[in-house]
Amino acid sequence: MEIDVEQFQGPCSCRRQHEITVKGIWIESGASRKLYEMLTEGELRDFAAPAIVWDENTKEAALEALEDVEEICESVCLDCEDLHADNHGVEILEEILPEETDLILAVGSGTIHDLSRYVAHKWGIPFISVPTAASVDGFLSNVAAMTWNGMKKTVPAQGPLYVFADTDIFSKAPYRLTASGMSDLLGKYIALADWKIAALVTDEYICEKTIALEEEALEKTVGLIEELKEGDPEAFEQLMYALLLSGIAMQMVGNSRPASCAEHHVSHLWEMEVINDKVDALHGEKVSVGLVMVRKRYEEIAQAIEKGECRLKPYHGLETDLLRDTFGKKGLMESAVQENTPDPLDLVEPEKLMELLPEIAKILYTVPSSGELVKILQKAGCCYEPEQVGISRELVPMTLQLCPYVRNRLSFLRISKMLQWTTK
Ligand SMILES: [Zn+2]
Ligand SMILES: [Zn+2]
């Protein structure tokens, strides 16, 4: 299928003019052929020095489908050993990418895309996305999630000009990657609730049309689990479509607000290794574990609100002692403080928050319970317990306390620092 990207452009009820930077998306068997045609006789024919950026694994997965394309491109194959979306990865890519490159073809999953979009942006050249697995929703992203000198950052990058998602490639990816893509999408349950609550409590911008897209992506995912497990190629295309829809939602608002909040903060915190050792899990796997953890906490608070047992707590600003003991020990105190300046909680007016608690509880109850989420994740073969990603259960309370500080983005988890509640 070819996705009509025009439908997402233009004026919206949120009073913004949405702009989509991607020019075309194909999700179909043989999409690589379309790419070849575009490079030889279509819109992309004027690029004189296109380069494919892949790693050994993604090359192996995509080579057969991309044989013709490879013949007319420079091949830049990265060593997957210790390859991450960080400043080291960028260095490696910039070193071997031929100077004359005028178009990057990112053939891979999250890391290859983040590196490619960052370097493409830095070099001022366009890039094209060829996903090799339905594993993340970031293919269309116009920012890159990078670890920069140890601190997890969202750095400016650029979105792809076109996406060629070839079912013959991505439907054959190991199931673990596909499950990770589902997990990334299921994380939207919390991301959307967080966004709605933040917009309710502060005057943060929100767009109903964007929310509707993410909700469509979520619903699609939940409905696909059986077929994906059976390996139905059409279900893989639908999942890829859902992941790209989430990406379009991000393009519409120009950042990852619609797709990432507290559940992703959990994942980012673990990646920074300030309270834990190196976590060797996929992006989506950490996100779905974060999803369940945060859901449980939100459930607790929602129940307390209902019983009238949730009250304001005096808020004294950033927990600097805690930050020093954690981020500080890794030399990240300064960047943690910088990230949290201004404190997003400055925007939350305590009395107003108190008044809005019943409405907040209502939003929280629209999310499936943690029990229901676990069932969905179990059925889909996704992770839902910290041990599954190598995190000890004892780290859960600290994770929930610390993770809101990884990003200057208001989550209900962050807001809960102004609240106290009793648990049953
Ligand atoms: Zn809008
Ligand atoms: Zn994600």
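Predicted model: local features only at pLDDT ≥ 70, side-chain atom pairs only at ≥ 80, totals over all residues.
User: Which residues is F139 in contact with, leaving aside its neighbours within four places in sequence?

Analyst: Contact here means heavy atoms within 4.5 Å. With those sequence neighbours set aside, the contacts of F139 are G108, S109, H113, R117, F127, S129, P131, A133, P160, M240 and L244.

User: How far apart in space are F139 and E230?

Analyst: Along the sequence, 91 residues separate F139 and E230. From C-alpha to C-alpha, the distance between F139 and E230 is 25 Å.

User: Let's turn to the metals. What is the geometry of the site of the zinc ion (ligand 1)?

Analyst: Its protein donors are C12 (SG), C14 (SG), H18 (NE2) and C207 (SG), at 2.0 to 2.3 Å. Four donors count as tetrahedral if all angles lie between 85 and 135 degrees. The angles among these four donor atoms are 103 to 118 degrees, and the site is tetrahedral.

User: How many residues apart are H18 and C207?

Analyst: The donors of the zinc ion (ligand 1) follow the spacing C-x1-C-x3-H-x188-C. H18 belongs to strand β3 (residues 17-18), while C207 lies in the loop between α8 (188-201) and α9 (208-229); the pair links distant parts of the chain, 189 residues apart.

User: And which residues coordinate the zinc ion (ligand 2)?

Analyst: In sequence, its donor residues are spaced D-x79-H-x18-H. At 2.1 to 2.2 Å, the coordinating residues are D184 (OD), H264 (NE2) and H283 (NE2).

User: Is H283 buried or partly exposed?

Analyst: H264 lies in helix α11 (residues 262-272) and H283 in helix α12 (residues 283-306), so the pair ties together parts 19 residues apart in sequence. H264 has a relative accessible area of 5% and is therefore buried. H283 has 23% relative accessibility, so H283 counts as partly exposed.

User: Finally, how many charged residues are in the lining of the second largest pocket?

Analyst: This pocket holds about 440 Å³ of space. Its lining has 23 residues, with E204, R257, N408, R409 and L410 nearest the centre. Strand β10 (residues 151-156) gives the largest share of the lining, three residues. By class, the lining has seven nonpolar and five polar residues, and the charged ones number eleven.

How values were computed: Residues numbered from 1 in each chain as written. Chains lettered and ligands numbered in written order. Heavy atoms only, no water. Donors = N, O, S within 2.8 Å, 3.2 Å for Na, K, Ca; no water. Tetrahedral: all angles 85-135°; square planar, octahedral: opposite > 155°, others 65-115°. Helix = DSSP H or I, 4+ residues; strand = E, 2+ residues; numbered from the N terminus. Buried < 20%, exposed > 50% of the residue type's maximum accessible area, 1.4 Å probe, protein only. 1 Å grid on protein atoms, 1.4 Å probe; cavity = no way out; pocket = protein on both sides within 12 Å on 5 of 7 lines; lining within 4 Å. Points joined across faces, edges and corners; volume = space filled by probe spheres on them. Nonpolar A, V, L, I, M, F, W, Y, C, P; charged D, E, K, R; others polar.
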